[in-house]
Amino acid sequence: MLAFCTERDVPVDEGPRNSTRRKIPRRMDDFVVSSVGKNDTIELSPERSVMDHWKVNVYLPVMDAVISGFKRRFQNLPFAKAIDTFVELDIEGAKEFVNHYDKHSMKVNIDMLQAEVNVIKNLLRNREK
């Protein structure tokens with residue numbers, strides 16, 4: 001990061017200095033803290049480098065936001081996997097998908113669905129020959 005900024009004449013200072021120092025408790029080391037008070041930056045202690053400043057104030061908050069977005073977007077991943085297995089004509093793996101429509105007034109007969117899937121599989125196998 002430092003080399004990248006130096007090559008492009010980007011000033012790399014330690015960021016803004018607060019009039020009062022805030023210390024983050026040790027138990028918070030494993031967490032991304034996006035705000036510690038009235039300012040949104042975390043004060044660098046003398047032991048921390050400029051790289052630590054960029055890591056804590058830019059990289060970690062961005063990664064935290066990305067991961068949170070993925071968790072929200074894919075919170076229903078088992079259902080998506082069930083749809084995928086249904087498309088692959090695997091009824092056993094698609095139980096969650098089939099049961100979802102069975103509950104919502106579609107009255108799915110599992111035996112009939114399995115028979116239809118077997119017919120489709122045979123049709124596809126014969127078409128490949």
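Let me start in the loop between helix 3 and helix 4, where L89 is found, with helices taken as DSSP runs of H or I of at least four residues, strands as runs of E of at least two, and both numbered from the N terminus. L89 has a positive phi of about 65° although it is not a glycine. Most residues other than glycine have a negative phi. With a relative accessibility of 16%, L89 counts as buried, given that buried means under 20% relative accessible area, exposed over 50%, and partly exposed in between, for a 1.4 Å probe and protein chains only.

Before going on, a word on the source: this is a predicted model, in which local features need pLDDT of at least 70 and side-chain atom pairs count only at pLDDT 80 or more, while totals for chains, interfaces and linings use all residues. Residues are numbered from 1 along each chain as its sequence is written, and side-chain values use heavy atoms, with hydrogens and water left out.

As for the chain as a whole, its secondary structure comes to five helices and zero strands, so that, by the DSSP definition already given, the elements run α-α-α-α-α from the N terminus on. Of the 129 residues in the chain, buried ones make up 16%. The chain exposes about 10500 Å², and carbon and sulfur atoms supply 56% of that area, as computed by the Shrake-Rupley method with a 1.4 Å probe, where for residues only the protein chains shown count as cover. If we take contacts, meaning heavy atoms within 4.5 Å, between residues at least 6 apart in sequence, then 35% of them join residues at least 24 apart.

Helix 3, residues 77-87, and helix 4, residues 95-106, pack at an angle of about 100° with their axes 7 Å apart; the axes are lines fitted to C-alpha atoms, for helices over the stretch in contact, and angles run from 0 to 180 degrees between N-to-C directions. The two helices are therefore roughly perpendicular to each other, since that label covers 65 to 115 degrees, with under 35 counting as roughly parallel, over 145 as roughly antiparallel and the rest as oblique. On the side of helix 3 the contact is made by P78, F79, A82, I83 and F86, and on the side of helix 4 by E96, F97, V98 and H100.

One of these, I83 in helix 3, is partly exposed at a relative accessible area of 31%. From C-alpha to C-alpha, I83 and K95 are 9.2 Å apart in space, and 12 residues apart in sequence.

Which residues does D102 touch beyond its neighbours within four places in sequence? D102, whose place is in helix 4, is in contact with K107 and V108, and with a relative accessible area of 32% it is partly exposed. Just after helix 4, K107 takes a positive phi of about 45°.

Finally, let us turn to V12, which is found in the loop between helix 1 (2-7) and helix 2 (50-73). At 25% relative accessibility V12 counts as partly exposed, and, leaving aside its neighbours within four places in sequence, V12 is in contact with L2, C5, V50 and W54.
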